[in-house]
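Hello,

Here is the structure I said I would pass on. My notes on it follow below.

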Number of protein chains: 2
Amino acid sequence: MNEIANGITKPTLLVDLVKVNKNIDRMVKKARVNDVILRPHFKTHQSSEIGRLFQERNVDAITVSSVDMAEYFAGNGWRDITIAFPVNPRQLEQINGLARQTKLNILFESLNSYLTVDKRLANGIGAWIKIDTGYHRSGIHWNDLEEISRLTRNIDENRALFFEGILTHAGHTYKAGSVEEIRKIFLETVNRMDLVKNELEAQGYEVKVSIGDTPGCSIVEKFGSVDEIRPGNFVFYDLMQEKLGACSESDIAVAAACPVVAKNLNRNEIVIYGGAVHLSKEFLINTDGDPYYGRITLPINKGWTNAISDCWLSSISQEHGVITASKDLLEMVEIGDLLMILPIHSCLTANLMGKYLTTEGRTIDMASFL
Amino acid sequence: MNEIANGITKPTLLVDLVKVNKNIDRMVKKARVNDVILRPHFKTHQSSEIGRLFQERNVDAITVSSVDMAEYFAGNGWRDITIAFPVNPRQLEQINGLARQTKLNILFESLNSYLTVDKRLANGIGAWIKIDTGYHRSGIHWNDLEEISRLTRNIDENRALFFEGILTHAGHTYKAGSVEEIRKIFLETVNRMDLVKNELEAQGYEVKVSIGDTPGCSIVEKFGSVDEIRPGNFVFYDLMQEKLGACSESDIAVAAACPVVAKNLNRNEIVIYGGAVHLSKEFLINTDGDPYYGRITLPINKGWTNAISDCWLSSISQEHGVITASKDLLEMVEIGDLLMILPIHSCLTANLMGKYLTTEGRTIDMASFL
């Protein structure tokens, strides 16, 4: 890695494939033990090569968050893709084209949404109903069994569609204050999905249950009656997941290598080349109540060290990052050195960085959906 | 624009060139009246075609925030480029290559920074000293005349370099609470720069003064002893600038067209396809103390309407945006419609969107620095 670090001239997203493989192995094993399908969300890495690490472990079904992303992965050989985003009527042509190429599943978040496209869908598309189990972003409320039944009946009667089941994203785990709260949300989510499932099964439908959020899937050991999980972020993890208790810091598999361009001893600050266009403006709040945009580690032979205590990436503008540094770090670091920044939200950082450099020095491409 | 709107399938950054031209004209005129050089910051648009609108008005000097951006614009014919970012020693080879191609100016934010590269610079590079006039991100504090003089002497004695003068970015205008405060910061900035300039001139140096921030340059009418201004954002403006009083809402020249994918009448919410990977997570705080990530307008024939009152883009995740909508908007809008989102920070939104669509339906490319 030292030689690789020498070759880095500008903000670069390093990926530690040893950690990535461990993260994937852990989730694959957990899915197998629980006898659930792992349908990982690929919006985190957006890379066919990272995708192959899942293929090697016999994962053959994936989740994406856009039609373009589905096209990219279909073009890279994936043959079972769920677009876990409310169906966008403006992309019907692309959706129908994809359905001829791959087993495609789409999401109806309401009867209203279904009725905008119901007569224009290609044959053989799988349909999931999005259930709102408490996150309140989209979907039919879990206790609105009448509306859920009505939509199920409509889908079932639509010859173009195959009714897959009910799907939810318990994104409110991201606001949880403790691991116990995440467990509780997970249990509540499964219970609410079970209630819906039982109702629909009583009406004679076959119903699969799909859930997915990295905090829940990472923390919980038993998935109960769930058929399928769709976590995504676990492939890299990040500081947000660490704060939630979904991973340990050593599981974080990406770090942004950023050149030091200034030091200010009076203010205990280090300025790096690395800002909002590299890391995103996602932040967390530290114990002093102040926002931070990343934590600071040093490059070492095999990757990077643990985060250095009392140091924060405390502000960022378009290309600059300002680190509030400990005396130790200030003494250690010179202009021209590299610092390794652990990201708050690896999905957004990866999307901005556009490619990866492995700790062995190999570039891994990712898709661009511009 | 109605026909163009019909063709939009996914989040798309619309640009209104009538507004862009007006914004440019206003700043060009102000610079001329004040007899200062306008060296616009091109990090906002990152586009050779938008750049040409400046060329047409005889602007021939530009500012950029990275070496890669300098290479892009040098490749597009620009022959006088300032990289307004502390010199990054890891990119010296690129910097020296650029210096053979164009009149290149770089920035030294400290003597320390200068000494890491002083003996390795190509001939003919222009050198600016970055002065910290109160923003406290980087640069030598304005009253540390000893350090400024020492660095000036070093640059002056370096045969490879040409001493240009002193440069500052009064970024603290972005935290100002009123137009009056921005005027005050501007005046203070100029006074502090004058003090440094007078000291260096007394030592026999020729010293230009370069300042630049869109709020200051937009609000102030007289630039005093300043030689050069470097605003960038004014080409598009955005909600942050409007809140600061640097522009009116009708000056905002970009808006993100986003498809509506869900409506929730119980929560008064509309979900759009348009999230953090399109708009960035930059936010402002509304009068209720809540964050918002954009404001909502409707597409009309020539572009978009004024922002609709009592509506906010109140949360965003990777691809979703959730709008807190007024009853009027909820009644007006259906799934499949387009809404036009005014961005909080147009530089970050443009960087994420990667290209523009004019309100006449023509695509304008921008650079990618991945």
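A:Pro11 is buried, with a relative accessible area of 11%, which puts this proline under the 20% cut-off for that class. A:Pro11 sits in the loop that runs between helix 1 (2-7) and strand 1 (12-15) of chain A. Leaving aside residues up to four places away in sequence, A:Pro11 touches A:Ala257, A:Cys258, A:Pro259, A:Tyr273, A:Gly274, A:His278 and A:Met353. A:Met340 is 329 residues from A:Pro11 in sequence, yet their C-alpha atoms are 9.5 Å apart in space.

Please keep in mind that this is a predicted model. Chain A has a mean pLDDT of 97, and 100% of its residues reach 70 or more. The ipTM and pTM scores are 0.97 and 0.97.

As for the chain as a whole, chain A contains 13 helices and 22 strands. Its radius of gyration is 22 Å, close to the 21 Å that the globule rule gives for 370 residues, so chain A is as compact as a globular protein of that length. The C-alpha trace spans about 70 × 40 × 35 Å along its principal axes.

Of the 370 residues in chain A, 66% count as buried. Taking contacts between residues at least 6 apart in sequence, 65% join residues at least 24 apart.

Regards

Note on methods:
Residues numbered from 1 in each chain as written. Chains lettered and ligands numbered in written order. Predicted model: local features only at pLDDT ≥ 70, side-chain atom pairs only at ≥ 80, totals over all residues. Heavy atoms only, no water. pLDDT = per-residue confidence, 0-100. Helix = DSSP H or I, 4+ residues; strand = E, 2+ residues; numbered from the N terminus. Rg over C-alpha atoms; globule rule 2.2 N^0.38 Å. Buried < 20%, exposed > 50% of the residue type's maximum accessible area, 1.4 Å probe, protein only. Contact = heavy atoms within 4.5 Å.
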